[in-house]
Amino acid sequence: MWRAGLCALLLSSVSGLNVCSSGSSTSCEECLLIHPSCSWCSQQDFGSGRTLTSRCDVKENLLRRGCDVDMMESPSSKLSILGNRPLSSKGSESSMSDVVQMMPQRIAVSLRPGDPQWFELQVRQVEDYPVDLYYLMDLSLSMKDDLDTIRNLGTKLAQEMGQLTSNFRLGFGSFVDKNMSPFSYTAPKYQENPCSGYKPFPNCVPTFGFRNILSLTERVDRFNEEVQKQMVSRNRDAPEGGFDAILQAAVCKEDVGWRKEAYHLLVFATDDVPHLALDGRLGGLVTPHDGQCHLDEKGEYSASTRMDYPSLALLGEKLAENNIFLIFAVTKRLYVIYKNLTVLIPGTTVEILDQDSKNVIQLIVAAYNNIRSKVELSVSDLPDDVGLSFTATCQDGKPLPGLRKCGDMKIGDTVSFNVSVEARGCPGDADHTFTIKPVGFRDRLEVFVDYRCDCGCSRTAQVNSSVCSSIGTYHCGTCACEPGYLGARCECQEGDASGSSLSACRQAEGRQVCSGRGECSCNQCLCYESEFGKIYGSFCECDDFSCPRHKGVLCSGHGECHCGECKCHAGFIGDNCNCSTETSSCLSDDGQMCSGRGSCVCGRCVCSEPGAFGDTCDKCPTCPDACATKRECVECRLFDSGRLADNQTCQRRCKDEIITVKTLGNNDPGAVLCLYKTEDDCVMKFSYSEHDSGLSVLTVLEEPGHVGGGPEALTVLLAVVGSILLVGLLLLAIWKLIITVHDRREFARFQNARSRARYEMASNPLYKHPVSTHFVETDFDVLGKSFNGGVH
């Protein structure tokens with residue numbers, strides 16, 4: 001009620017616009033359809049008497065204008081819970097019918113158009129829930145190696161599944177294709193042995209469509225025994241008749257042995273593409289598949305050569321109807337094809353199967369964990385005039401508007417969904433029922449819907465009332481006049497117009513009479529009829545066809561046109577209602593919206609991170625976090641370590657193709673080289689690239705590189721100081737060596753020069769050593785002579 005009051009306040013205050021009084025309502029029922037805040041006053045003496053629309057207004061305005069509360073018609077939507085058993089904690093209880101994985105179970109809603117009701121829905125993946133697994137295998141000639149591999153599958157698979165559930169049953173079926181031309185060899189010599197004349201494998205069994213070999217049983221040894229007896233067959237074209245087999249395995253519940261209180265897993269193993277609907281016309285089959293069970297007393301599909309292959313829509317319908325999770329186990333080259341099929345068939349997953357099926361057990365366990373790690377709601381039998389919107393609250397407690405699924409769940413986790421249900425109109429039928437259920441679950445919520453479109457005052461209508469001049473029916477304060485009469489009390493006849501009354505038919509002074517789209521009669525506008533839709537309003541100012549269009553469709557087909565404005569259905573917004581608020585298509589495998597690299601706009605991811613692309617912006621080799629994201633997949637897939645190793649999400653989130661090599665090359669120019677240090681102080685290197693097929697490819701070294709432990713700070717400091725000292729001493733030693741060598745060279749040169757000088761003085765013939773003679777005289781005369789004469 002507080003929401004209705006707030007809407008009423010907004011409607012009466014925004015730009016003077018009041019959608020209730022400015023609408024086209026001429027009766028109480030029409031008033032209730034305009035907006036949930038609109039009320040109708042059925043008081044006889046209320047209003048001006050000139051226009052009927054004055055009785056339709058927000059409650060506050062009607063009270064202010066003198067309408068008694070008891071004379072107001074303003075119903076509101078209501079919700080009541082009819083069944084609400086509490087959630088169970090374990091599946092291995094005494095009676096499986098008492099196990100509850102979803103609450104509530106039954107509710108009833110009374111809806112006034114435009115007035116939504118909210119309720120909370122809780123879902124829990126209970127522990128130790130029973131599992132029925134039916135292995136459906138392609139037995140065409142190309143699967144011979146795979147058949148040899150699974151001959152002892154039953155025992156090993158039971159051991160692995162025994163760790164997940166204490167109540168496990170296993171079954172087996174096979175298929176090839178329709179035994180008719182052009183799908184198979186039909187010449188007489190091929191009837192008993194289609195491999196006749198085929199040298200690589202000359203013997204095989206006749207072609208068949210589908211065969212239920214072993215119904216679901218707890219005796220897994222029977223599985224091994226039956227598989228041991230099987231032989232491959234041969235068909236002519238590459239596609240197989242697998243969809244025929246899937247449909248029969250789904251709808252033949254009694255023959256296959258599906259239990260009501262169990263998870264139903266259907267593993268579909270093949271190495272080629274399937275035939276689709278209309279392919280049967282190549283063989284003259286024009287009868288569409290009827291979706292019924294056609295197994296004979298031998299367990300073989302008896303209508304294989306009478307009806308066409310089933311369509312994807314029929315296949316999805318029957319799988320959902322029988323709560324079956326379909327697991328496509330296909331070879332790597334088919335991954336993208338079957339991945340696209342999972343979008344069209346709810347409740348399906350795809351896993352990569354090795355060429356010889358040697359990884360089939362790991363594949364099944366991974367697919368089972370993937371299925372148990374998520375919850376997705378589906379809706380069936382929803383009326384056209386009822387809209388639903390979902391807000392998921394997953395393990396992190398954050399509400400996610402527009403999302404109807406949660407991932408990364410563990411067994412025992414509980415998630416909740418806030419569901420809004422809103423009526424867009426009033427259908428001819430009184431009541432409807434629709435169902436909300438988690439995909440693949442037995443549990444479901446039944447929703448019973450009735451509509452609050454009638455006014456209580458209409459039940460006291462007076463035919464030919466005196467209030468209506470005895471020529472009309474009085475109800476809810478107004479007169480419904482007989483044909484040819486007009487007026488608030490049916491006092492005028494059509495065509496009775498005068499110049500004085502034209503002003504009452506103008507919306508404002510100077511405007512056209514009845515907006516140029518009607519005639520003024522008895523102070524009222526009679527709107528023209530239009531081939532495009534309805535013209536209405538007190539002054540014929542409104543219509544239901546002058547609204548924005550998208551691709552030529554009025555309001556995109558997701559809204560109603562009201563007086564030039566689109567009123568969008570639940571789950572859509574925008575001027576032309578072309579923008580969906582659903583965000584489930586934007587959720588990536590890691591549970592993030594657009595992988596954290598963009599935003600969800602109108603149900604599609606708009607990548608904001610440079611280099612990011614893909615439906616959920618999940619592909620981005622050049623993003624800074626690309627190596628860190630792919631590192632987690634390398635760790636959990638190859639070494640069973642890292643953050644994803646313990647929470648059952650590795651196989652679900654890491655669908656990349658991983659190739660191990662001895663050396664990393666650089667053949668792909670678009671590949672990004674990544675390296676990181678492991679917990680064991682090893683360096684792991686890998687390259688990340690995106691291929692045209694849509695797969696991310698990780699090329700990883702077989703063995704990580706080993707490195708020593710990290711050095712301490714003191715060791716580094718001492719090493720640096722020691723290195724500096726060592727370099728200094730080395731430089732000094734070099735300088736000393738250079739100086740010593742230089743000095744020795746100079747000394748040798750000096751010695752050599754001296755030696756040459758001595759040699760030159762000893763061998764010069766002109767050189768004589770000096771001789772000195774000394775005389776001793778006592779006579780002074782002799783001494784004088786010696787002075788004067790000289791001595792020679």
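Leu 714, Leu 717, Leu 718, Val 721 and Leu 725 together make a nonpolar surface patch of about 500 Å². Keep in mind that this is a predicted model. Below, we look at one residue from that patch, then at a buried phenylalanine, and finally at a sheet.

**The surface patch**
- Val 721, one of the patch residues, is found in helix α14, which covers residues 713-762.
- Is Val 721 buried, exposed or partly exposed? Val 721 counts as partly exposed because its relative accessible area is 41%, and that label covers values between 20% and 50%.

**Phe 223, tucked inside**
- Phe 223 has its place in helix α6, residues 220-229.
- With a relative accessible area of 0%, Phe 223 is buried, since the cut-off for that word is under 20%.
- So who does Phe 223 touch, leaving aside its neighbours within four places in sequence? Its contacts are Tyr 135, Ile 150, Leu 153, Gly 154, Leu 170, Gly 171, Phe 172 and Leu 214.
- Take Ile 150 from that list: Phe 223 and Ile 150 are 73 residues apart in sequence, and their C-alpha atoms are 9.9 Å apart in space.

**The six-stranded sheet**
- Six strands line up as β4-β6-β20-β19-β14-β17 to form an open sheet with mixed pairing.
- At the edges you'll find β4 (78-83) and β17 (405-406), each of which pairs on one side only.
- Strands of a sheet pair through backbone hydrogen bonds, and they can run parallel or antiparallel.
- β17 pairs with β14 (residues 375-380) in the antiparallel sense, over two bridges.
- Glu 376 stands opposite Lys 405 in β17.

Key. Residues numbered from 1 in each chain as written. Predicted model: local features only at pLDDT ≥ 70, side-chain atom pairs only at ≥ 80, totals over all residues. Heavy atoms only, no water. Helix = DSSP H or I, 4+ residues; strand = E, 2+ residues; numbered from the N terminus. Buried < 20%, exposed > 50% of the residue type's maximum accessible area, 1.4 Å probe, protein only. Contact = heavy atoms within 4.5 Å. Pairing = 2+ DSSP bridges. Patch = residues over 30% accessible without salt bridge, like charges linked within 9 Å, V, L, I, M, F, W, Y side chains within 5 Å. Areas by Shrake-Rupley, 256 points an atom, 1.4 Å probe, with all protein chains shown as cover. Salt bridge = Lys/Arg side-chain N within 4 Å of Asp/Glu carboxyl O.
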